[in-house]
Amino acid sequence: MSNKILQIVLEGLIMGGIYALISMGLTMQYGVARILNVSHGEFIMVGAFITWMLTTMAGISPLLALIICMPVTFLIGYILHRTLYKKLKDLTPSAGAYEGNAMLISFGLMFIIQSVAQKIWGSSPQGYKYLTFSFKIGKTAIAVNRLFVLFVTIIISVIFYFFLNRTRMGKAIRASSQDPAAAGMMGIKINRVMAICFGIGAILAGIAGSLLSMINNINTSMGMNYTVIALIVVVLGGLGSIPGSLVGGLILGFVGSIVNRIDTSLYMVVFYVLIMVLLLVRPKGLLGR
Amino acid sequence: MNTNISRGRLNAKKIAPPGLSLLALILLSLLPIFVTDYTIIKINSIISFVIIAVSWSIFSGPTGYISLSTAAFYGLGMYASAILGNHLPLPLVMVISGIASFIIALIIGVITLRLRGVYFTIFTFGLVELLRNLILWLEIKFSGTRGRFVPSVDFQQVFYCILGTLAIILLISYLIKRSRFGLALIGIGESEDAAAHIGINTTLVKVLGFSISSFAVGAVGAAMATRTNYIDPGIAFNMLMSFMPVLMAIFGGMSTIPGPIIGAAVFAYLEELLITKVPEYFMIIFGAIMIIAILFLPNGLTGIAGKLFKRRKGAGKNANT
Amino acid sequence: MLKRTLAVLIALLMIAAVFAGCNKAGKTETTDPPSVDENVGTEDTGKDTQPAAEKESIVFGGVRSQSGVFATFDETAFGPCYRMWADKVNAEGGIYVEEYGKKLPVELIIYDDKSDMATMTRLYEKLILEDKVDFLLPPVSTAFLYATAPIADKHGYLLIGAEGGSTTLLDSIAQYPGFFSVLNFSVTQVPALVDILVENEIESAYIVYIEDLHGTEYSGASKPALEEVGIEVHGMKAIPPDIQDMTSIINDAIDSGADAFLLFAYPDQNFLAMNQAMAMGYNPDVFLVGPGGNFEFIKGVFGGAEAVEGLMSWGGWNEKSSEKAAQFAKEFLEYNKDDPKVSIDWWGHLPYYTGLEMLQQAIEKAGTLDNARVIEVLKSEKFDTVMGEVWFENQLLASECYLGNVGQWQNGIFEVIDVGENRTADPIVPKPAWPAE
């Protein structure tokens with residue numbers, strides 16, 4: 001029995017942790033920069049494939065590849081925001097219209113990124129072996145690669161927490177997410193902050209992709225699934241709430257690990273029922289304001 | 001169908017828009033005499049998107065409640081067609097499917113009353129995924145298989161059914177736009193609290209608006225299922241179908257009736273053109289066009305026409321924001 | 001000002017494009033739809049199907065998923081086969097058609113359906129009604145094939161399926177007299193697997209299957225077949241396509257103590273299960289995975305041939321199966337040597353290519369492009385192909401034509417391990433341990 005519980009907890013933490021990373025990334029982009037980034041999952045895919053390429057072709061350790069991924073994905077995100085979205089913002093007068101149009105642009109990006117990736121990396125599943133061994137706690141076999149992923153997820157989350165709460169930039173981001181107009185008046189360069197938020201969102205997606213490639217096979221059409229998960233978790237947690245995304249992601253992970261043991265095929269059904277009930281009980285999300 | 005339209009004409013203060021629509025519909029209905037079979041099939045598919053985009057913008061356009069439930073009603077329509085198609089003629093299946101969609105939308109509308117903004121959006125999105133997974137689970141558990149064949153129907157019959165639906169939805173859209181109900185929807189979009197304050201029953205208006213915007217989707221789903229021959233939950237509840245009307249309506253411009261029509265028609269046509277002429281680069285070109293169009297036409301395709309018109313008249317106000 | 005002008009320009013361009021396209025789409029179409037992938041077409045598409053009229057090429061049209069979730073099929077499964085076949089036929093001058101008294105080159109029209117069913121069916125109608133192709137090539141996946149069969153049948157076209165096949169076909173295939181299937185599936189494969197398990201004294205099995213046509217069919221067929229020969233089924237679990245973690249399933253399989261782990265799923269789930277089994281040290285006597293396990297690229301996914309040593313999957317054929325098969329493998333690798341995305345499929349490639357050769361020979365034997373007469377030839381004649389002598393029985397390739405049904409990776413070769421004369425190597429049971437990290 002205790003074995004089962006240990007398994008459920010670990011499984012829930014591992015997938016939940018990855019979901020939380022992805023969702024916190026989208027929260028940065030949607031909660032602060034007001035971009036419902038439908039191409040979020042494509043950044044996950046790009047992170048996964050960069051890691052895969054560096055690992056299999058250049059022989060670099062996946063962990064090192066993950067670190068290389070971070071500036072790459074950040075730059076892609078930052079530049080995209082500084083060019084495309086900044087231009088859109090200048091051209092679009094109202095906030096509502098901006099949100100709609102920003103989503104459309106991210107749709108266009110999704111098509112382009114996915115298609116280019118498919119041209120480069122093909123459509124077949126890819127993967128590599130990393131830390132594929134296990135140790136036992138009691139009778140429970142625990143895979144080292146999954147545990148390692150959990151470990152990295154926790155480290156990243158802690159760093160992210162300190163960044164948001166202890167640095168000037170983090171404070172500027174939090175101020176901008178609460179009231180962009182007031183933050184602007186306080187002397188915060190709002191456009192730069194938003195571009196950085198978008199870049200950070202891309203980093204978190206890239207890291208999640210790197211981590212996923214360590215424990216699962218990857219393919220160029222994998223992005224959409226994760227975008228959907230992130231969208232749901234972000235809203236479930238409460239718009240713009242980073243702790244909300246963390247909690248939402250973990251809930252999702254635990255629902256998965258529990259339902260997996262009852263009837264694996266019911267997983268998505270239970271998951272969506274839960275989301276809808278939670279939304280009805282708390283119309284502003286779990287930790288929404 | 002024709003009586004409906006002429007009634008629409010009588011009610012109209014301005015003859016031009018309904019008159020033009022009527023003319024267009026008559027031309028479309030005569031089309032099978034003049035053009036090839038495949039052109040009909042293609043136009044049929046484009047019109048189905050027009051109906052969906054117009055339906056979607058009846059509710060979501062003025063209120064700003066972005067609904068992603070289109071695929072749910074479309075998929076239910078497809079299943080209605082697969083289950084009832086062998087026993088009933090297509091128009092009847094479409095009517096049943098439309099009414100069922102209307103009733104289900106009513107129920108969902110009542111449940112989701114409290115939700116606003118993106119929370120409503122995600123709820124409707126979850127609905128599609130829930131239905132897809134639930135039906136998949138039910139099919140595997142109880143029917144032991146996954147997909148169903150859809151009884152085939154002559155494509156010209158489908159075309160006329162779709163055309164009839166288009167006429168109905170255009171008429172409804174036009175009437176709503178001109179009615180107090182339409183004003184109430186706009187009021188909700190501008191400020192829900194203020195709308196409630198001046199005596200609008202926002203609950204009723206919202207639920208009814210959502211239901212009206214759903215019934216034609218169910219009907220079209222039933223008709224279009226006959227064009228795919230075979231469905232399974234993944235095909236029927238395809239989330240792209242939820243995003244399509246949103247993209248099309250924004251692309252065309254949401255604030256007018258012609259907006260979603262033009263958006264859907266151009267969008268669907270462009271896709272077909274690219275996919276057959278340059279399939280290798282279809283997605284890249286499609287994505288690039290979307291981005292460029294949004295950057296340079298932030299108010300949609302019709303926004304630019306409106307802008308030109310306004311400028312000529314000398315009015316400086318931007319009506320599309 | 002500049003921006004406004006630009007905006008107007010773009011709008012005008014779009015409208016112009018629409019009108020230009022409309023004209024093209026009209027019934028007086030004269031422009032030739034581009035032959036997409038290949039430089040095979042020499043002249044105009046020759047949409048005129050009137051017999052005895054002048055004809056410059058035989059047009060084969062197909063709608064294939066070149067983007068979206070099914071894109072991997074066209075990239076690695078049937079895709080490389082039809083491209084290679086068209087080039088090879090054209091290198092020999094084309095297909096001889098008696099009614100024209102000459103060899104006609106093959107021309108391909110391939111459209112992308114973005115893995116979307118509605119687009120796929122519509123584009124087949126375009127191929128038939130507007131492009132008036134002479135023959136159809138099949139779409140990807142079983143469900144898409146089901147949707148295409150009625151369309152082809154309605155317009156009197158024959159359709160030889162590629163990827164996909166299912167027992168549901170057995171019930172409905174008679175409705176579509178022009179529909180043929182070449183890939184072996186559960187009907188021949190499950191009995192072959194059961195024979196192998198019995199031969200190797202396997203006493204119990206644990207079944208995991210994906211919730212779709214493939215998974216439900218193989219699991220549905222396997223359970224009674226295994227129990228009939230006294231192999232106990234210790235567990236039977238359904239998994240959704242988007243499963244992310246199979247820890248609980250692998251643990252359950254370990255606890256069940258079953259000798260054989262049978263996974264009826266697709267590459268995504270198969271590779272996930274293998275990854276987790278490796279990590280958790282789960283190494284049953286028999287480890288069988290579904291589609292994906294039969295592709296050469298699986299070695300790369302797990303870092304080399306030793307990682308998949310002893311892994312079983314559906315198949316199968318290899319260079320040792322016959323001289324012709326060896327020749328085909330050589331030509332295939334030569335043809336695709338510049339494309340790293342293509343790897344050989346030791347299950348499907350041979351039957352897919354066989355289907356194309358049968359079509360070609362049937363056209364030559366019938367001496368016409370009339371689909372109805374080619375169908376008659378396909379139904380009645382035997383054909384000499386890369387698979388040897390083959391023929392259709394009830395529109396399915398006769399079961400004795402196949403060179404194998406189950407394969408096992410041994411020293412980097414996908415050996416056929418069917419009991420009987422198709423066997424190219426004895427099965428290795430118990431499976432060797434996964435290689436250490």
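In chain C, residues 24 or more positions apart account for 69% of the contacts with a separation of 6 or more, a contact being heavy atoms within 4.5 Å. The model is predicted, so that local features need pLDDT of at least 70 and side-chain atom pairs count only at pLDDT 80 or more, while totals for chains, interfaces and linings use all residues. Residues are numbered from 1 along each chain as its sequence is written, chains are lettered from A and ligands numbered from 1 in the order in which they are written, and side-chain values use heavy atoms, with hydrogens and water left out.

**View 1. The fold of chain C.** Chain C contains 14 helices and 18 strands; these are DSSP runs numbered from the N terminus, with helices (H or I) of at least four residues and strands (E) of at least two. Of the 437 residues in chain C, 64% are buried, that is, under 20% relative accessible area with a 1.4 Å probe, protein chains only.

**View 2. The two domains of chain C.** Domain 1 of chain C comprises 37-181 + 339-401, and domain 2 comprises 186-314 + 404-416; the bounds come from an automatic or database domain assignment. The C-alpha centres of these two domains of chain C lie 31 Å apart.

**View 3. The interface of domain 1 and domain 2 of chain C.** Here 15 residues of domain 1 are in contact with 15 residues of domain 2. The two domains bury about 1,200 Å² between them, 66% of it on carbon and sulfur atoms; buried area is the accessible area (1.4 Å probe) that two parts lose on being put together, summed over both. Helix H5 (residues 142-154) of chain C provides the largest share of the side of domain 1 that touches domain 2, with three residues. That side of domain 1 divides into seven nonpolar, seven polar and one charged residue. Nonpolar covers Ala, Val, Leu, Ile, Met, Phe, Trp, Tyr, Cys and Pro, charged covers Asp, Glu, Lys and Arg, and the others, Gly among them, count as polar.

**View 4. The interface of chain B and chain A.** Contact is made by 37 residues of chain B and 42 residues of chain A. The area buried between chain B and chain A is about 3,900 Å², with carbon and sulfur atoms giving 82%. B:Tyr119, B:Met283 and B:Leu295 supply 18% of the area that chain B buries against chain A, more than any other three residues. Zero salt bridges are found across this interface, where a salt bridge is a side-chain nitrogen of Lys or Arg within 4 Å of a carboxyl oxygen of Asp or Glu. Helices H6 (117-143), H12 (239-252) and H14 (282-296) of chain B are the elements that give two or more residues to the side touching chain A. H6(B) gives the most to that side, with 13 residues.

**View 5. The interface of chain C and chain A.** In this contact, 41 residues come from chain C and 41 residues from chain A. Chain C and chain A bury about 3,300 Å² between them, 46% of it on carbon and sulfur atoms. The count between these chains is one salt bridge, in which the side chains of C:Asp245 and A:Arg146 meet (3.1 Å, N to O). Elements of chain C that each supply at least two residues of the side touching chain A include strand S9 (232-239) and helix H10 (267-280). The largest share of that side, nine residues, comes from H10(C). By class, the side of chain C that touches chain A has 19 nonpolar, 13 polar and nine charged residues.

Notes: Buried < 20%, exposed > 50% of the residue type's maximum accessible area, 1.4 Å probe, protein only.
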